[in-house]
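These are my notebook entries on a single chain. I set down each item that I looked up, in the order in which I took it.

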Amino acid sequence: MTKPVSLHPETQIPDHAEFQRVHEYSANGVLAMDTNGFIRYINAVALAFMSQAKQDIIGQQLFSFYSDTAPGKLNERKLINLEEITDCEFKLDANTAKTKWVLISTKVCSAKTGILTYVFIRDITILKKKEKLFSYLNEASEELAQTRDTKTALEKIARFIVPTFADWFTVDILKDGKLEFVILKHENPDKIEWAHQYRKNYPPDPNGNVGTAVVLKTGKPGFVPIVTDEMLTAIISDKEQLKAVRQIGMQSVIIAPINKRGTVIGVANFVSSRPGRHFDEADLEFAKNFAGLIGFSLENARLNEEAMSEIASRKQAEHQFRFLADAIPHKIWMSGPDGKAIYYNQQWYDYTGTKNFEELRGKIWDIIHPDDRAKAALEWPRAVQNGLEMELEQRFMRHDGVYRWHFTHFTVHKDEKGQNNLWVGTCTDIHDQKEGLLAIEAANMDLLSANESLAALNEEWASTNEELVATNEELRLTQDDLEKLIKKLAEHNERRARLAAIVDNSDDAIVSKTLKGIITSWNKAAGRLFGYTEKEAVGKHISLIIPPSRLSEEEFIINEVRGGRRVDHFETLRLAKDGREVQVSITISPVMDENGNIIGASKIARDISKQKEYEAALQRYTQKVETLNTIGKLISESLDIEVILQKVTDATTSAIGAAFGAFFYNQVDDKGESYMLFTLSGVEKEAFEGFGMPRNTEVFHPTFSGEGVLRVDDIKKDPRYGKNAPHFGMPKGHLPVTSYLAVPVVSQSGNVIGGLFFGHPEPAKFTQDHEDLVVSIAVQAAISIDNARLYEQVRLLNEKKDEFIGLASHELKTPLTSINGYLQIIDRLKTDEERGKFVGKTIQQVRKLSGLVNDLLDVSKIEAGKLQMTKVTFDLLEIIRDAIELMQYTNDKCTILLETDVDECLVEADSERMEQVVINLLSNAVKYSQGDGNIIVKLNKTNKEVTVSVQDFGIGIAANKLAHIFSRFYRVEDLNPNISGLGIGLYLCQEIILRHSGKIWAESELGTGSTFHFSLPLN
């Protein structure tokens, strides 16, 4: 129940006033609550967090301003019961447009006159924002990498942008000199419809001088942190357009260029229309990286579409997914619509020490930390039931029993009916990051507490000295006055002892020294941090713990103290007793006597090694993302495999600091035979040419077989090294290799393309970060190599097309030339008998030409999907007999025989097309029989199907050519060059039979002839 504000004015409870005066100068927000949970005190920093006047805060309950984001960690009951808490995350619900995240810790301070619970608040909004942006970028990169349909992928990852990052998100691509929408995202469907109408009314001008046009011309992003109405009025002269733009309510805008192979092809627009929400430099960097991902994905999509226009779609194998899932440093899992797990990637098995899927699924709930299990058991069924995506921070037990913090994100994939189809989740290890944040906050709180304790201690010492002087002057007082004085002195001694205990038990090193640098006090934390005991340190010069290279800092600090100035959060290095350097953050305050004279300095030192390690880790992660983006751009600029591999080798060798690197890879020649090539970086090719290609030895086997990564600090000490003849190790004259790193490069089909190999003459030069980077680069390289090979196949198909056009021209020209010659002869002949002879030859050539044209027309109809089939019931046996009679009439060299045990064979099909198939097979049999002989036609009938075979005893077909004979425009090489044809007859036969749900195949052997079969279903 809330009490009136007038009952809780801001007060300074005795024994707390001095603490509160110190808090006014604290860098963190501080407020105090009484035992009823009402705020009694607040400093200036906390006021800035809450964005309200002090009179509106004093007397109110703390939870009217904050909401708990992690239920169970902290609640109002704990505060009212005076229970102390440390580093709990809260979301600030102040009356502003921006959301603030803070860390809260509490300390209960009691005195004879009252109890107050102090709440210490630190702003972590920027850190949370950067974590979120990195997470968005990582998830978007994974989403784009998993699909070649860029528009679908952009639709999925747009949910990362709207409404969390921006209110509007669009992607525009230049096409034929105009900008076209690829993606338009807003959480309100009415807004999307409005935006399409606006674009129709006011199409953007790519050749203009403002906004998108400038970004397209310069390739530099456009960034307007705060959009004003004056800006819009200056840019837009059309009143109706200006009125429409104002409806958007733009607050902040980022326009990021989208590049493809060094050319700006479009822009990604991020617009905030929420009052008070403005983009900053971190948002701009995220937008540029996001646009870079889009450009890279569009390039891959373009290559894929070009290839797929000529090559049949290939189904992506499950092995590739598992390889990619196992290669990335995240734990991935999938569940069915009912929420039951159906897949875990290799990271899970390595982390938990389990051997198979059933074992891991049976113990997955048991490895969740007991404190996190209840929340997971509540949130997961709710998400499954309602189709919600979710994010959680959880602790999972490793195989050695250690719990580590993970960031869990899962989302649901729905089918076309909107039903839950598949759950996909990732668990990212954030333990070091989490511990780093907690350690930083704890360190700051301890430093603040120590500063307050030290200041209070100094004031107490000064006050005690003054009271002792007064006591000497009052010795002549009465016994009653003496007893009161003794009692008062005891209270002061108690207070002094309490403050001394606070300093002695602080987790921060607290040291006092004179202006000459002589140490006068040394608490236990200083002993733990620097290794010296109090006896060893007191009386020594402060240079005892200062590295020689930093002695100049002491002169600067003493000058600041002499001037009465405080030195805050000075980061430097100090020297421990064992010789190691410790990264510390120090705060130095002047110490004054009772007359206000500066007599020394008080120093608080905090170990910030963990914080620096976390910052270094974050920097390494950023550099990895930048390196991957750079290498991705490099290898996307070329479709030449050798150029791609050389760029990959050069860039990776440089990125990981290898002395030299190599890419050994397999290539297939025109005969289908495989041979190995290589690229080098860091040394000339002559350094390797004398040693030949690496063999599949125990050292090289994991790489060339695709088993996994091999990283060794000293390859000469590896048990697999030196076991193979003739060299038993490295050949004489080989470059010195000690540190060794090898990563297989696997194509989308699961085939091992080759391997990346890196060496260095010094041991232990390659780290886990280097390994993770090379694995990611290997995945990009494999995709680029596949794209290059697809491009090469498209080029070869174009050559085939040109070859066919030449062949078709020749084949069509031959009968036309004959017809022209025969007609000239007919014109000169005098008798009807002579004319009749050549008229027959002319008609034969016209029929041949008509057949070629009809075949070409049928191919065109098939490609256009317009080849019609008119199905009726007819006797197939009668069609075969008529075709045999026709072919026998036009050919007198071969004898065509029919073998069957049925008198009638009724089928439901297109009779003309079936006749076309039979005549085509008979024509080929006659053509390739090459002289006198028999051709045997067989018809066999069962209850389910009828099978027709045409057998000749001619030249036959080689086994390696047999698989291609039904391909369009394919002609078997090395046969008689006098046999004409376009290579489309068998292709048409196959299409006709398949459209009747039948099958067609061939059997052949060189020199013995060929047999062609086709079957049709009877039902």
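**Charges over rings**

I began with charged side chains and aromatic rings. The charged end of K331 sits over the ring of Y351, at 4.3 Å from its centre. I then found R199 over the face of F181, where the distance to the ring centre is 3.8 Å.

**Confidence**

I noted that the model is predicted, and I therefore looked up its confidence. The pLDDT of the chain averages 76, and 70% of the residues score at least 70. Among the elements, strand β31 (residues 945–951) has the highest mean pLDDT, 94. The lowest mean, 56, belongs to strand β3 (residues 66–68). Residues 671–675 form another, with ten contacts beyond near neighbours in sequence.

**Aromatic pairs**

How many aromatic pairs does the count come to? I recorded 21 aromatic pairs. I examined the pair of W380 and W423, whose ring centres are 5.3 Å apart. Their planes stand at 70°, and an angle over 60 degrees counts as edge-to-face, so this pair is edge-to-face. W380 belongs to helix α14 (residues 370–386), whereas W423 belongs to strand β16 (residues 420–429). The pair therefore ties together parts that are 43 residues apart in sequence.

W380 has 15% relative accessibility, so W380 counts as buried. W423 is buried as well, at 0%.

I also looked up a cluster linked by ring pairs: its members are F165, F169, F270, F279, F286 and F290.

**The surroundings of T170**

I placed T170 in strand β7 (residues 168–175). Its relative accessibility is 10%, so T170 counts as buried. Leaving aside residues up to four places away in sequence, T170 touches F181, I183, L184, V267, A268 and N269. One of these contacts, F181, is the residue whose ring face lies under R199.

**Cysteines**

How many disulfides does a search of the whole structure find? I recorded zero. A disulfide is a covalent bond between the sulfur atoms of two cysteines. I then looked up the accessibility of two cysteines. C894 is buried, with a relative accessible area of 4%. C905 also counts as buried, at 0% relative accessibility.

Key
Residues are numbered from 1 along each chain as its sequence is written. This is a predicted model: local features need pLDDT of at least 70, side-chain atom pairs count only at pLDDT 80 or more; totals for chains, interfaces and linings use all residues. Side-chain values use heavy atoms; hydrogens and water are left out. pLDDT is the predictor's confidence in each residue, from 0 to 100. Helices (H or I, at least four residues) and strands (E, at least two) are DSSP runs, numbered from the N terminus. Contact means heavy atoms within 4.5 Å. A disulfide is a pair of cysteine sulfur atoms within 2.5 Å. Buried means under 20% relative accessible area, exposed over 50%, partly exposed in between (1.4 Å probe, protein chains only). Rings of Phe, Tyr and Trp (its six-membered ring) pair if their centres lie within 6.5 Å; planes under 30 degrees apart count as stacked, over 60 as edge-to-face and the rest as tilted. A charge sits over a ring if NZ of Lys or CZ of Arg is within 6 Å of the ring centre and within 35 degrees of the ring normal.
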